[in-house]
Every structure is written in structure tokens, then in C-alpha cells.
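Morning, everyone. Let me put the model up, then walk through one loop and what surrounds it.

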Amino acid sequence: MGPGCLPSTRFYSNGIISSKRKIRSSNKFLLIRIAVLLVGATTPVYAQILSNTQQLDHQSVVSGDSPSAEDLFPIDNPRNQTIPVSEAKTIYLSACKVVEQEFGRSDPIRPRLKLLIGSESDRVYFPKHEIQLKKWDKYKFAQGVVMLAADALLSPDKKISLTRLAVSEAESTVDVHELKSVPTLLQPNTASMK
């Protein structure tokens, strides 16, 4: 399928849904779940992440072979601010675990990312997979990891496919006010009746 080719939408009056329609429904469901996760990444999610933090930290101490934070993600700290590296590592693993559970994934999700402490603003910079924080904030870091983990669930081709589907469906939607303002064959033309 080329860049300009979009799948067509078909409507069935007999209630039979094609496999393409089922795939679209599952794609919409996944897209909605990601949007809800990203929009709803508030206190309850953070509470779950932080409650998992102690459990994961205990597991890493017991196993004795846990990777260091630098093995999971590089940290750039040009202003030499104080950062609890162990806490950052634990929050990273906990946020990944929460996303895995939310989407029912059995394989681990470990988004590649870089943590920059001492930036001009707090943000997730997607092109570089970078979480930029003015100063260490465990909630903002957890939110960034959740966003990047959710983003890692979809391949670039899948993102393009979902983007095309979203635009196609948006273009196929008609506002009721537009329908009322456009004369149709069913509406008599009052000007020609005079």
C-alpha cells in the first residue's frame, strides 16, 4: 500500500463485519487505550508506580544482579544536581511494569530513553527519546517513562497506519449543521417553485 493509498470504509447492512473492520476496531481500541493512558497519567497511575517501586527495589536487592540506572538509560546532568539514581532506576522499571500490565503484555517493555537533568523546561522530547527535567521530580520522570513506554508499543508503520486511519475517518465524518445548510435532491428548491 503506497503513501497515498488509504483503505476504503465499507458499510454493511446485513451486520457482517469484514476482517479489515475487526482489525480497525482493535486498532482503535489500542489507540484509545494509549490516549487514555497518556491523558489519565495522573495520581492513581503514579500511586501504582510508586507502590511498585518498593517491591521492585526489594526484588533487585534480593536478586543481586539488577542493572544499574546507566545500563537502563543514560543520565546527562551537566549542572551536577543531586539525583537519586537508585530511585530513578526503580521508577523506570515500575513505570514499564505498569504499562505492561495495562496493555496485557507478557514481554517486557523497556523504552530507550535519556534523562537530562538541568534543562530549561520539563518535557518529553520524542525525537530524541529524552526526558528533560529542570530538576529531579519523580512524578514527572514517571510520566515521561509511561509516555515513552506507551509510544514504544507501536511500530513506526503502525503509527503511520493509525494516523492515516484517523484522518480518513475524520474526513468521512459530516457535521449535521453542514447537511442542513446544503440543498439536496430530497429538499425542494423554493426558488425554482416560484
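Start with R79. R79 touches G118, S119 and E120, leaving out residues up to four places away in sequence. Contact here means heavy atoms within 4.5 Å. One polar atom of the R79 side chain lies 3.3 Å from the backbone oxygen of G118. R79 and I117 are 38 residues apart in sequence, but their C-alpha atoms are 7.7 Å apart in space.

Some ground rules. This is a predicted model: local features need pLDDT of at least 70, side-chain atom pairs count only at pLDDT 80 or more, and totals for chains, interfaces and linings use all residues. Numbering runs from 1 along each chain as its sequence is written, and side-chain values use heavy atoms, with hydrogens and water left out.

Where does R79 sit? In the loop between β1 (75-76) and α4 (85-102). Helices (H or I, at least four residues) and strands (E, at least two) are DSSP runs, numbered from the N terminus.

N77 is found in that loop between β1 and α4 too. Is N77 buried or exposed? N77 is buried, because its relative accessible area is 17%. The cut-offs: buried is under 20% relative accessible area, exposed is over 50%, partly exposed is in between, with a 1.4 Å probe and protein chains only. The N77 side chain reaches the backbone oxygen of Q81 at 2.6 Å. Neighbours within four places aside, N77 is in contact with I83 and I117.

Now N80, also found in the loop between β1 and α4. N80 counts as exposed, because its relative accessibility is 67%. N80 is not a glycine, yet its phi is positive, about 50°.

Another residue other than glycine with a positive phi is H129, near 50°. H129 lies in the loop between β3 (123-125) and β4 (130-133).

Last, α4. The helix has 18 residues. From first C-alpha to last, α4 reaches 26 Å, close to the 26 Å expected at 1.5 Å a residue. That expected span is 1.5 Å times one less than the number of residues. Buried residues in α4 include A88, I91, Y92, L93, V98 and V99. K89 and E100 are among the buried ones as well. After α4 comes G104, with a positive phi near 60°.

Notes. Polar contact = N/O pair within 3.5 Å; in protein donor to acceptor, adjacent residues only side chain to side chain.
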